[in-house]
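Dear colleague,

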Amino acid sequence: MSTPDRLPMDPIAEARRQWIAHGWIDAAAGMAAVTSLMRAQQIVLARVETVLRRHGVTFARYEALMLLHFSRTGALPMATIGARLQVHPTSVTNAVDRLEAAGLVRRTSHPTDRRATLVELLDPGRELAVKATQELNEEVFSAPGISPAAVTLLVAVLTEMRRSAGDF
């Protein structure tokens, strides 16, 4: 993955300056925060995708594998996967279709609810989840690009934002 050339200045700081210069003073800090957050998401996603690409999965599929890996039985209803990952049922269906085609999970009938379909993690899926997690831990999660104190603060700030949005 190639990295773009470094800019001679911070474009978000310049945008904030322009916001203020154009009279949008009350919104300037929020614009800078949102834009910074979106750029940071691009940076982090690129790092995560570099690792997951080696395993042939997207982050959404990796999340589903890990959710199944952490479950007590290695199987969950499709609706539960969607609720816990906070995604639309169509997204769950797409992810499960791809994971099933790759031989990482299988759909089974729910033993007590005829309306529900279970997704069961297969051994190759468990192996992929563990290996990908080891690599993500080494290459991304243990070195996120900010200090440990900043990580703690960032998690607290983002938790506040998520709570305010009604995530939990």
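In what follows, Lys and Arg count as positive and Asp and Glu as negative, while His and the chain ends are not counted; the place of a charge is taken as NZ of Lys, CZ of Arg, CG of Asp or CD of Glu. On that basis the protein chain carries 19 positive and 17 negative side chains, with the centres of the two sets 3 Å apart.

This is a predicted model, in which local features need pLDDT of at least 70 and side-chain atom pairs count only at pLDDT 80 or more, whereas totals for chains, interfaces and linings use all residues. Residues are numbered from 1 along each chain as its sequence is written, and side-chain values use heavy atoms, with hydrogens and water left out.

Across the whole structure there are 9 salt bridges, each being a side-chain nitrogen of Lys or Arg within 4 Å of a carboxyl oxygen of Asp or Glu. Glu100 pairs in this way with Arg107, the closest N and O atoms lying 2.5 Å apart. Glu120 and Arg106 form another, at 3.0 Å from N to O; Glu120 belongs to strand E3 (residues 117–121) and Arg106 to strand E2 (residues 105–109), so the pair ties together parts 14 residues apart in sequence (strands are DSSP runs of E, at least two residues, and helices runs of H or I, at least four, numbered from the N terminus).

In helix H6 (residues 123–141), Glu135 and Lys131 are 4 residues apart, or about one helical turn, and their side chains meet in a salt bridge at 3.5 Å, N to O.

Best regards
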